[in-house]
Amino acid sequence: MTVLDGKGTFSEQWLAAGEKKIVPVPAGSSTDESLVRRITEGCRTAGADAVLVMRSSAGAAAPAESLPPADPGLVGLPTDLLIAAANLEGAVLFSGPGYALVAGTSAFLAGAAPEGVDQARARFARYARAAARKWPALESTARSFPPGHTAWKYPRDVPEATATGQQLALMRDLAAGRCTGAEFAVGWLDARRRSQQRGERVRDPLETLLHRVFSLLEDYSIDPQFKEPEDLSDDELKTAVIELLRKAE
């Protein structure tokens, strides 16, 4: 199976395998560290240990060079480029200046677009409007890949059946003493991953609220045997979540 068709765009057959999604992302006139980081992290989460680098204009017939995902030589490459994970779980298509298309399975996009598909598409739409004078074609690209979900602004806006709704429910459970800190951390991080995979979107002030909870969990050890002296205790985590909920609700 080839990533590109004869026209230098993503092959429909390749996109259909694994239900791959496409995310447009900002780019300049050559590959930068941000773009390379996306392919590197996508390969990591999808289990690929190499990337295939080829000219996109050659389409399916493009000869490929195999490199490690984090090879420094990937930075500074000109357009007319495809960088694909060796296991074909995902790829970055950089056909011209201004933007690139990141496509892949949910596993690949978990690393390549950690903000979530819809969130990345919404951010690209804002970027396209801002950069329209320099690259007018960006706005039509943004319209081709619209977000599929409404961006929720407040906790009360979020449907209970969503993964984001589960994150909020777990916060309330922790605040009410219905779960332990470890149960909260495991469940909340799992719900966060599902939210990103489903493309659920949030915006401020809810986006800031969830980001602060994630930051709290970075300072909390789920396994007591690995807890450091500076890590948050269960009581400190609970108190912080209660305060965040109080401000939000």
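A pocket is an open set of points on a 1 Å grid over the protein atoms alone, where a 1.4 Å probe fits, with protein on both sides within 12 Å along at least five of seven lines; lining residues have an atom within 4 Å of a point. A volume is the space filled by probe spheres set on the points, which are joined across faces, edges and corners.

The model is predicted: local features need pLDDT of at least 70, side-chain atom pairs count only at pLDDT 80 or more, and totals for chains, interfaces and linings use all residues. Residues are numbered from 1 along each chain as its sequence is written, and side-chain values use heavy atoms, with hydrogens and water left out.

**View 1. The second largest pocket.** This pocket holds about 320 Å³ of space. Of its 16 lining residues, S106, L109, A110, Q196 and Q197 lie nearest the centre. Helix 3 (106-112) and helix 7 each give two or more residues to the lining; helices are DSSP runs of H or I with at least four residues, and strands are runs of E with at least two, numbered from the N terminus. Helix 7 provides the largest share, 4 residues.

**View 2. The largest pocket.** The volume of the largest pocket is about 360 Å³. Its lining has 17 residues, with E115, Q119, R192, Q196 and V202 nearest the centre.

**View 3. S195 in helix 7.** S195 lies in helix 7, residues 181-198. Beyond its neighbours within four places in sequence, S195 is in contact with A163, T164, Q167 and E200 (heavy atoms within 4.5 Å).
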